[in-house]
Amino acid sequence: MNGIGKSTLLRTMGRVQPKLSGNIALNNTTLEDLNNEELATQISIVLTEPLATKNLTVKELISLGRQPYTNWLGLLTPQDHSKIMDAIKMVELQALQDRKCYELSDGQLQKVLIARALSQDTPIILLDEPTTHLDLYHKVQILKMLKRIAHDLHKTIVFTTHEIDIAIQLCDKMLILDRPTCHFGAPCELIENESFQTLFPSDTIRFDAKTGSFKIKN
Amino acid sequence: MGSVDIPFRATLRHIFLNATSDDSWHYIIWNYRIPKAITAVLVGVSLSLCGLLMQTLFRNPLAGPFVLGISSGASLGAAFLIMGSGIIAGLIGTSFVNDISLAVASSMGSLLVLMAVIAMARHVKDTMALLIIGLMFGSITAALVTVLSYFAKAEELQQYIYWSFGTVGNLNWSQVTLLSFITIIGLVISIFSIKSLNALLLGENYARSMGVKIKKSRYLIIIATGILAGSVTAFAGPIAFVGLAVPHLTRQVFNTTDHKVLVPGVILYGAILLLICDTIAQLPSSTYVLPINAITSVIGAPVVIWLLVRKRKMIF
């Protein structure tokens, strides 16, 4: 739901913005106790904000993800190069690696940003609405790719989304932000517990438990 | 006064062999032309580097070395000295206005405004707000200068306008040495900022997530700009345009935004541009010395316009 605090929660988890209250711990360490360099090796992010410049080649942008590991001048070692190439292969951008970012479509740019997060080589990747502004095919393509990355590389990938139907089919665990209570669990458990029923007013949108999708009431 | 024709080979002989066939030639080369050339190089390097730092920090193609109010602060310092000293001089009976006191006054002015901006930077988290604050300080100081000029005597006003023309020819060896020293400090800070500048290309949130200490790098970049632009303005006056144009020129030519390329690139182009402009400002065999501030814009602006029109796209 709009305005419930999805992005706020995700950005707080990535320490993009200060927390309002409570405590966030990563491997039993409070998030505030980590300095920027330590955090950069633990969490990488993909945000919705536009890039300050798109005059970077795909490869240059992805290379920036190696910053936590490079020396004071940011020179790339052979290991850095191989990590960058791995990230490019993972999102299948080999053909576009020397293009400038302003030449890319939204879907391609999203892949580049995901590859940058991958090259940062962190156990956790946070993505803020990675599928907004994309068509259905590209939404599914991006989310399937994220699932493959999470399973193949054993990473924790957390993303926010409005596409509950797609998320039900592709996610391992879901957190539904709802008032008064939030629900967390595997999609099928959440369906069994009828957690989706109360999400929207029942006179306009109804959740169909059999198909796992929302239906508009006429 | 005037122009002296020294043959090229004689010039080389004086520089490298230390020949003393003609004492006045020797004096002209070592005490006028070489310091002037070195000053031009230092001014070009400093201002271009500042422009690059500011454009990346503020992610704004219109930013230049003077967006933080540095040049307006220097102008205020100079204006106070030139136009305000009339009152004090009237009391004591001597005038304080000379090259050194001008340099001191303008550097005090730019330092003061820069300190105010840095103090604000501590409370303002948003870099864009900092940009606006810098521009506001510029407006305030410009207004104060206008008030001062309204009350100033005609010859004081003329002296102030001459200062605002900018010049690279008024420095003696000790001043050139001091300026080189300051420029090198600024240069070293800039080189150490290359990595964070590259991260800032993606915006502050991404840069922080990649381990950049945003606050520290922001201060370093502002301080580097302050000492580079401040010292140049103090010694050579407010030289416009170079800082804005050279980074764009360099980006267009190298077609990259990687600061590992851009930092050496703007240093090279800044030095070349200022040397060319200085040559034109004092054309051989002409007795006139045109204000360098006018030449930099007249030469530089068409080049930037031509580059942008030819590529039909702004690369930033």
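**A loop residue and its surroundings**

Guide: Ala186(A) sits in the loop that links β7 to α8 (187–192) of chain A, where helices (H or I, at least four residues) and strands (E, at least two) are DSSP runs numbered from the N terminus. This is a predicted model, in which local features need pLDDT of at least 70 and side-chain atom pairs count only at pLDDT 80 or more, while totals for chains, interfaces and linings use all residues. Residues are numbered from 1 along each chain as its sequence is written, chains are lettered from A and ligands numbered from 1 in the order in which they are written, and side-chain values use heavy atoms, with hydrogens and water left out.

Ala186(A) is buried, because its relative accessible area is 15% and buried means under 20%, exposed over 50% and partly exposed in between (1.4 Å probe, protein chains only). Leaving aside residues up to four places away in sequence, Ala186(A) touches Asp172(A) and Lys173(A), contact meaning heavy atoms within 4.5 Å. Thr70(A), by comparison, is 116 residues from Ala186(A) in sequence and 39 Å away in space, C-alpha to C-alpha.

Most peptide bonds are trans, and most residues other than glycine have a negative phi. Glu129(A), in the loop between β4 (124–127) and α6 (136–152) of chain A, has a positive phi near 40° and is buried at a relative accessible area of 16%. His154(A), in the loop between α6 and β5 (156–159), also has a positive phi, of about 50°, but is exposed at 70%.

The contact between them takes 5 residues from domain 1 and 4 residues from domain 2. Together the two domains bury about 320 Å², 66% of it on carbon and sulfur atoms, buried area being the accessible area (1.4 Å probe) that two parts lose on being put together, summed over both. On the side of domain 1 that touches domain 2, α1 (6–13) and α6 of chain A each supply at least two residues.
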